Amino acid sequence: MKAGDKVYYLRENKGGYGYAHKYPAIVVKVNPKTVKIRMARIVKNSMEAFTSTVKFERLSERKTDCGFESVLQGSSNCEY
């Protein structure tokens, strides 16, 4: 895994009954024990990118682009 790789962040939401949801993300930096990723969230009807540090086992490979890939790459915001 290296910076720029497309991944899914697997997260169990609170009250989600143990089901993991896949969130599209891009790897920003790889450390020995953790990975820094860029994800997107909805803020006031637009997508906004943010970074988060997660463990390797919470990530899986993503081969396709998502609808807000430009936001993840940091080039723009998009209306949602």
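You're looking at a predicted model, where local features need pLDDT of at least 70 and side-chain atom pairs count only at pLDDT 80 or more, while totals for chains, interfaces and linings use all residues. Residues are numbered from 1 along each chain as its sequence is written, and side-chain values use heavy atoms, with hydrogens and water left out.

Now switch to cartoon. What order do the elements run in from the N terminus on? The chain goes β-β-β-β-β-α-β, so there are one helix and six strands to find (DSSP runs, numbered from the N terminus: H or I of at least four residues for helices, E of at least two for strands).

Next, select residues 6–12 and 20–30. These are strands E1 and E2, paired in the antiparallel sense over seven bridges; two strands pair if DSSP finds at least two bridges between them. Pick out Tyr8 and you'll find its bridge partner in E2, Pro24.

Three residues sit between E2 and E3 in the hairpin they form. For a landmark, look at Ile26, which stands opposite Arg38 in E3.

While the strands are up, keep in mind that side chains in a regular strand alternate between the two faces of the sheet.

Stay in E3 and click on Met39. Is Met39 buried or exposed? Its relative accessibility is 8%, so it counts as buried (under 20% relative accessible area; exposed is over 50%, partly exposed in between, with a 1.4 Å probe and protein chains only). Across the whole chain, 28% of the 80 residues count as buried.

Show what surrounds Met39. Beyond its neighbours within four places in sequence, Met39 is in contact with Tyr9, Tyr23, Pro24, Ala25, Glu48, Ala49, Phe50 and Leu72, contact meaning heavy atoms within 4.5 Å. Draw a C-alpha to C-alpha distance from Met39 to Ala49: 5.6 Å in space, for two residues 10 apart in sequence.

Finally, zoom back out. Of the contacts in the chain with a separation of 6 or more, 43% join residues 24 or more positions apart.
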